[in-house]
Amino acid sequence: MHQEKIEAIKSAISAAEAGNEEELEAYRMKFISKKSVVGELFAEMRNIPNEQKKEYGQLVNEVKQMADAKFQELIDQVNLAKKHTKSFDQDLTLPPTNIAAGGIHPLTATRQRIIEIFERIGFNLSEGPEIEDDWHNFTALNFPENHPAREMQDTFFLEKNPDVALRTHTSSVQVRVMENQKPPIRTLSPGRVYRNEAISARAHCIFHQVEGLYVDENVGFADLKNTLYHFAKEMFGKETKVRFRPSFFPFTEPSAEIDISCLICGGKGCNVCKGSGWVEIGGSGMVDPNVLENCGIDSKKYTGFAFGMGIERIAMLKYQIKDLRLFTENDVRFLRQFKPML
Ligand code: DAH
């Protein structure tokens, strides 16, 4: 009779499960505590005839050991489960918060956009050194010996060797490309340039330009105009107008300054365009035959156009930035505004 009861308790113990603290407590109440079924078996002892006590006692002790061992096993299981749920108690399907994403600097974004526009109409990319010699920066570009741009107040020369300077414009890359490649040449050269100027809202001693050069048979001024019309519309919007103002550069003949209709007032006149309705974005012209010859290109067979634009200038117009110094101050309040949308 006891035998049966004990067997039933044993199988209940081995079948018991506990997934959390409450179930663990329920197990304890049922099999471990004084009032548990195992406790009752011990209490039953006094009703067992003396000659059976020894045998009964052994059986009950076995059950007790089994219940204790099982209890420890369940405690370990619950603790293990708790450890796991602790590290996974976050909802991994929630979108992440507080990821500090960096932005693209407005000058980088502007340079990239300019490159994209010209690459799509067949211009490749070329680069030249920022430390340049007199030949590539001035002489090959037809600057006369006494041209004011060569003077100390404009150019950073190397103290020990006045033949070496920081380039004052990216036109030096034109010379390097023409010296090394045969026409047809269609190339775009973005880069950093240096001028010995006081830093202000409108001028800096370090800034960026992008140079364009197209040399082939029968390249004319109409090609220059159409290329820049295309660029202005792509960069600033379809409504943008372009105006060419006669000018002078030693390396182009004829030369023209490039103006676009003011983006702020649409040409009506405002303080950005100083009431004129136009803002300047760069210089351009037909490559002077002397320059072609200086670079070993037959000026009887080939003609070309060139242009040079300020990247800061274009970014300022595009994003309506009023002070050039903001580009280099690294103020996150400024830079954050150019964060790409995630
Ligand atoms: N190099 C000139 C400057 O820095 C800009 C320029 C004007 C570049 C006319 C050209 C050009 O290629 O044809 O002011």
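Is N330 buried or exposed? At 65% for K274 and 56% for N330, the relative accessibility makes both residues count as exposed, a class that requires over 50% relative accessible area, whereas buried means under 20% and partly exposed covers the range in between (1.4 Å probe, protein chains only). The structure is a predicted model, in which local features need pLDDT of at least 70 and side-chain atom pairs count only at pLDDT 80 or more, while totals for chains, interfaces and linings use all residues. Residues are numbered from 1 along each chain as its sequence is written, and side-chain values use heavy atoms, with hydrogens and water left out.

N330 is placed in the loop between helix 11 (326-329) and helix 12 (332-335); here helices are DSSP runs of H or I with at least four residues, strands are runs of E with at least two, and both are numbered from the N terminus. Although N330 is not a glycine, its phi is positive, at about 60 degrees. K274, in the loop between strand 8 and strand 9, is likewise not a glycine and has a positive phi of about 50 degrees. Most residues other than glycine have a negative phi, and most peptide bonds are trans.

Cis peptide bonds also occur in the model. One joins P183 and P184, with omega about 0 degrees, and P184 belongs to the loop between helix 7 (171-180) and strand 5 (185-194). Another joins E253 and P254, with omega about -5 degrees, and P254 is found in strand 8 (residues 252-261).

P254 is also one of the residues that S284 touches. S284 is found in strand 9 (residues 278-287) and is buried, because its relative accessible area is 2%. Not counting residues up to four places away in sequence, S284 touches L224, L228, F244, F249, T252, P254, S255, A256, I258, A306 and F307, where contact means heavy atoms within 4.5 Å.

A306 and F307 lead on to the ligand. An oxygen atom of the ligand is 3.2 Å from a polar backbone atom of A306, and an oxygen atom of the ligand is 3.3 Å from a polar backbone atom of F307. A nitrogen atom of the ligand is 3.0 Å from an N or O atom in the side chain of S171. Around the ligand there are 15 residues, of which H169, S171, R195, Q209 and E211 come nearest; a residue belongs to this set if one of its heavy atoms lies within 4 Å of the molecule.

S171 is also among the buried residues of helix 7, together with S172, V173, Q174, V175, V177 and M178. Helix 7 is largely enclosed by the rest of the structure, because 7 of its 10 residues are buried.

R195, another residue of the ligand surroundings, is in contact with D154. Leaving aside neighbours within four places in sequence, D154 is in contact with P148, A149, Y194, R195 and N196. D154 is placed in the loop between helix 6 (134-137) and strand 3 (157-158), and its relative accessible area of 27% makes D154 partly exposed.

The packing of helices can be followed from helix 10. Two packed helices are described by the angle between their axes and the distance between the axes. The axes of helix 8 (residues 221-236) and helix 10 (residues 311-319) come within 11 Å and cross at roughly 45 degrees, so helix 8 is oblique to helix 10. Axes are lines fitted to C-alpha atoms, for helices over the stretch in contact, and angles run from 0 to 180 degrees between N-to-C directions; angles under 35 degrees count as roughly parallel, over 145 as roughly antiparallel, 65 to 115 as roughly perpendicular and the rest as oblique. In this contact, F231, M235 and F236 of helix 8 meet I314, L317 and K318 of helix 10.

Helix 5 (residues 106-119) packs against helix 10 at an angle of about 100 degrees, with the axes 9 Å apart, and is therefore roughly perpendicular to helix 10. P106, L107, A109, T110, R111 and I114 in helix 5 meet I311, E312, I314, A315 and Y319 in helix 10.

Note on methods. Polar contact = N/O pair within 3.5 Å; in protein donor to acceptor, adjacent residues only side chain to side chain.
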